[in-house]
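Please read the following report alongside the sequence and the coordinates. It moves from the overall make-up of the chain to individual elements and residues.

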Amino acid sequence: MDARSILLAVGINVVLLAVIVALFRLWRVRQPMTAARLRREAANQAKPIDAAPLEGDFCRMQAMLEALDESLTDTRAVAALLCGWAADGTTILSRTEKKRLKSFGDAMQATITFPGDEEHPFTPSSNGAEGKLLGLLYGWTDETATLQASEIYNQARAYPEAVKGRLDQFSLQGKHSLRATGAMQPEKKTRRFGFVDERRSIYTPRGVREAAALLGYRAWLGQQDSLPPEKWRDAVLLGASQAVDADVLDLAQTLAKALTGGAQAGRKVNRV
């Protein structure tokens, strides 16, 4: 074989290799942007930012975070909301003496107070999922307009499906908003052996950008030594709570555990 033939063979192989690489890249680009791929793409693009992405919408952030952070729990999400409500004055978090005959546990209880009086009764200022959860909690209060951790646990244990419905609403509302703003596509059914196996959330390039921004925001929050109250909710949700007021965080986490723990106990009882 002469030199010309060798060069021709090498050239053909190089072209074929380039075509294969191009086809592989095209195939990867055309693959559905599932949660697993979203995590990889967003992690590569994330840069620290100090502004809340997704327009600061809690439901949208939670729904996006569910795809990015498998450690996210209902307890953490509820604690984040409680910190946010305490920060903006929607509710007051404190420790109060245990209500006799109504509560159990510690003598001093983590307590939610819903501010208001006869002329100006408490009215949830939030709409949607937040308003529904606030309304559920307020509906459990007595004449003192307060709700202690043990009371929350008992009520959640008695009405676990009501709690589940309120908490599920955050994710549902968030996903609906992500689809409406173009960050997600409608869920697609996958098939295996001819049968519908599961529904997968599919994300768009905009979804990748917003997910990257959310990771960047989390990174920035994690770098702070202290945060203003208006950032507490986001910091707790994103797992960067080291810079949140310690007392408020402890109260919020105690109350959140009472709510989710009581609901879990109630579901177990109902299954027996």
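The model is a predicted one, in which local features need pLDDT of at least 70 and side-chain atom pairs count only at pLDDT 80 or more, while totals for chains, interfaces and linings use all residues. Residues are numbered from 1 along each chain as its sequence is written, and side-chain values use heavy atoms, with hydrogens and water left out.

**Overall make-up**

The protein chain holds 10 helices and 5 strands, where helices (H or I, at least four residues) and strands (E, at least two) are DSSP runs numbered from the N terminus. Of its 272 residues, 40% count as buried, a term that stands for under 20% relative accessible area, with exposed meaning over 50% and partly exposed the range in between (1.4 Å probe, protein chains only). Contacts (heavy atoms within 4.5 Å) can also be sorted by sequence separation: among those in the protein chain with a separation of 6 or more, 67% come from residues 24 or more positions apart.

**The sheet and the helices across it**

Three strands form an open sheet in the order β1-β2-β3, with antiparallel pairing; two strands are taken to pair if DSSP finds at least two bridges between them. Because β1 (92–97) and β3 (146–148) each have a single partner strand, they stand at the edges, and one side of each is left without a neighbour in the sheet. Neighbouring strands of this sheet are turned by 35° against each other on average, direction ignored. Angles here run from 0 to 180 degrees between N-to-C directions, and the axes are lines fitted to C-alpha atoms, for helices over the stretch in contact.

The pairing of β1 with strand β2 (residues 108–113) is antiparallel and extends over 6 bridges, and its partners include E97 with M108 and I92 with T113. Between β2 and β3, which also run antiparallel, there are 3 bridges, and one of the residue pairs is I112 with L147 in β3.

**The nonpolar core**

A nonpolar core is a set of buried Ala, Val, Leu, Ile, Met, Phe, Trp, Tyr and Cys residues joined through side-chain atoms within 4.5 Å. The largest one has 68 residues, of which L38, M64, L82, L133, L137, W140 and L259 touch the most other members. Helix α10 (residues 246–271) gives the largest share of this core, 9 residues. Leaving out residues up to four places away in sequence, L38 touches M33, M64, A67, L68, Y203, G207, V208 and A211.

| Helix | Number of residues | End-to-end C-alpha distance | Expected span |
|---|---|---|---|
| α8 (205–222) | 18 residues | 26 Å | 26 Å |

In α7, the buried residues are P160, V163, L167, F170, S171, G174, S177 and L178, and the helix is followed by G182, whose phi is positive, near 90°. In α8, the buried residues are G207, V208, E210, A211, A212, L214, L215, G216, Y217 and L221, and they pack against α2 (35–45), α3, α7 (160–180) and α9 (232–237).

**Single residues**

T204 lies in the loop between β5 (195–203) and α8. T204 counts as buried because its relative accessible area is 12%, and, its neighbours within four places in sequence aside, T204 is in contact with G182, A183, M184 and Q185.

Q62 is placed in helix α3 (residues 58–68) and, at 4% relative accessibility, is buried. Beyond residues up to four places away in sequence, Q62 touches L72, A77, F170, S171 and L237. The C-alpha atoms of Q62 and Q173 are 9.8 Å apart in space, although these residues are 111 residues apart in sequence.

Among the cysteines, C59 counts as buried at 4% relative accessibility, and C83 is buried with a relative accessible area of 0%. A search of the whole structure finds 0 disulfides, a disulfide being a pair of cysteine sulfur atoms within 2.5 Å.

How values were computed
The expected span of a helix is 1.5 Å times one less than its number of residues.
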